Amino acid sequence: MDEDKLIASLKADLLPVQPLGSASRIGLLWLLASVAYVLALGAGLGPFRPGFVGELLGAPRFSIEMILGSAALVCFLVVALLESIPGRAVGGLRRVGWLLLLAWLAQFVIGFVAPALEPSMLGKRDHCAWEAYLYSVPPLAWLIYLQRRRYVLEPVRAVLHSALAAGLIPALMMQVACMYEPGHILIFHVLPIGILATFAAGLTWMLSQRADS
């Protein structure tokens, strides 16, 4: 076959493709929209804990908790998006995210002995454990969709980090919306992150195994 005809035949079936936006811009959009969704739904389902603004400004340990959790959220979001771009090295940032997450969790363990705030039933929400999934599943589904628009080489790991990012948003919101008591926080605010991440990663693994078979 003539080389020019071969190239022309190959080009004939090509369709124009819209370029994807930058990962940083998409990540910022996801973060702002997801936080707005969680805050709006959280406020609609019940009032936030009275006096939480004063607690943020007047209790350094509580502020540190929020900063550590927020930093871990941003790290996992960036890792989740970069893992959909082949060739991007994310190992260092991934380790930073896990260290921040562990430091955040450690604050609640320490809180059994020396809590950041005086434990109280003030602001308790009766269904906060179930609310966590209502808040986190839609952002998680959107973030996985954004990943799949690119090329994910390690889907299970990518989905795991997406679930951690999505699950941290409602957990941080509950820090100011629900009661503050370390045991309650670990069981009803933090545990749903682990359940969501385990389910999402496990389901992705099963689907990938079925696709390979």
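The following legends describe close-up views of a predicted model.

**View 1. The largest cavity and its lining.**
By the rule applied here, the count comes to one cavity of 30 Å³ or more. The volume of the largest cavity is about 60 Å³. Its lining is formed by Ala132, Tyr133, Ser136, Gly167, Pro170, Ala171, Met174, Phe188, His189, Pro192, Ile193 and Leu196. Sorted by class, this lining has nine nonpolar residues, three polar residues and no charged residues.

**View 2. Helices around the largest cavity.**
At least two lining residues of the largest cavity come from each of helix H6 (128–148), helix H7 (155–177) and helix H8 (182–212). Helix H8 provides the largest share of the lining, namely five residues.

**View 3. The salt bridge between Arg94 and Glu83.**
Five salt bridges are found in a search of the whole structure. In one of the salt bridges, the side chains of Arg94 and Glu83 meet at 3.4 Å, N to O. Arg94 belongs to helix H5 (residues 91–111) and Glu83 to the loop between helix H4 (60–82) and H5, so this pair ties together parts that are eleven residues apart in sequence. Arg94 has a relative accessibility of 19% and therefore counts as buried, the cut-off for this class being under 20%. Glu83 counts as buried as well, because its relative accessibility is 10%.

**View 4. The salt bridge between Arg157 and Glu83.**
Glu83 also forms a salt bridge with Arg157, in which the closest N and O atoms are 3.2 Å apart. This pair links distant parts of the chain, since Arg157 lies in helix H7 and Glu83 in the loop between H4 and H5, 74 residues apart. The relative accessibility of Arg157 is 36%, so this residue counts as partly exposed; that class covers values between the 20% limit for buried and the 50% limit for exposed residues.

A salt bridge joins the side chains of Glu131 and Arg125 at 3.0 Å, N to O. Glu131 has a relative accessible area of 10% and is therefore buried. Arg125 counts as buried because its relative accessibility is 6%.

**View 5. The aromatic pair of Phe62 and Tyr180.**
For the structure, the count of aromatic pairs comes to five. The ring centres of Phe62 and Tyr180 are 5.7 Å apart and the ring planes stand at 90°, so the pair is edge-to-face; an angle over 60 degrees places a pair in that class. The two residues link distant parts of the chain: Phe62 is in helix H4, whereas Tyr180 is in the loop between H7 and H8, 118 residues apart. Phe62 has a relative accessible area of 0% and is therefore buried. Tyr180 is buried too, because its relative accessible area is 3%.

Definitions and conventions
Residues are numbered from 1 along each chain as its sequence is written. This is a predicted model: local features need pLDDT of at least 70, side-chain atom pairs count only at pLDDT 80 or more; totals for chains, interfaces and linings use all residues. Side-chain values use heavy atoms; hydrogens and water are left out. On a 1 Å grid over the protein atoms alone, a cavity is a set of points where a 1.4 Å probe fits but cannot get out, and a pocket is an open set with protein on both sides within 12 Å along at least five of seven lines; lining residues have an atom within 4 Å of a point. Grid points are joined across faces, edges and corners, and a volume is the space filled by probe spheres set on the points. Helices (H or I, at least four residues) and strands (E, at least two) are DSSP runs, numbered from the N terminus. Ala, Val, Leu, Ile, Met, Phe, Trp, Tyr, Cys and Pro count as nonpolar, Asp, Glu, Lys and Arg as charged, and the others, Gly among them, as polar. A salt bridge is a side-chain nitrogen of Lys or Arg within 4 Å of a carboxyl oxygen of Asp or Glu. Buried means under 20% relative accessible area, exposed over 50%, partly exposed in between (1.4 Å probe, protein chains only). Rings of Phe, Tyr and Trp (its six-membered ring) pair if their centres lie within 6.5 Å; planes under 30 degrees apart count as stacked, over 60 as edge-to-face and the rest as tilted.
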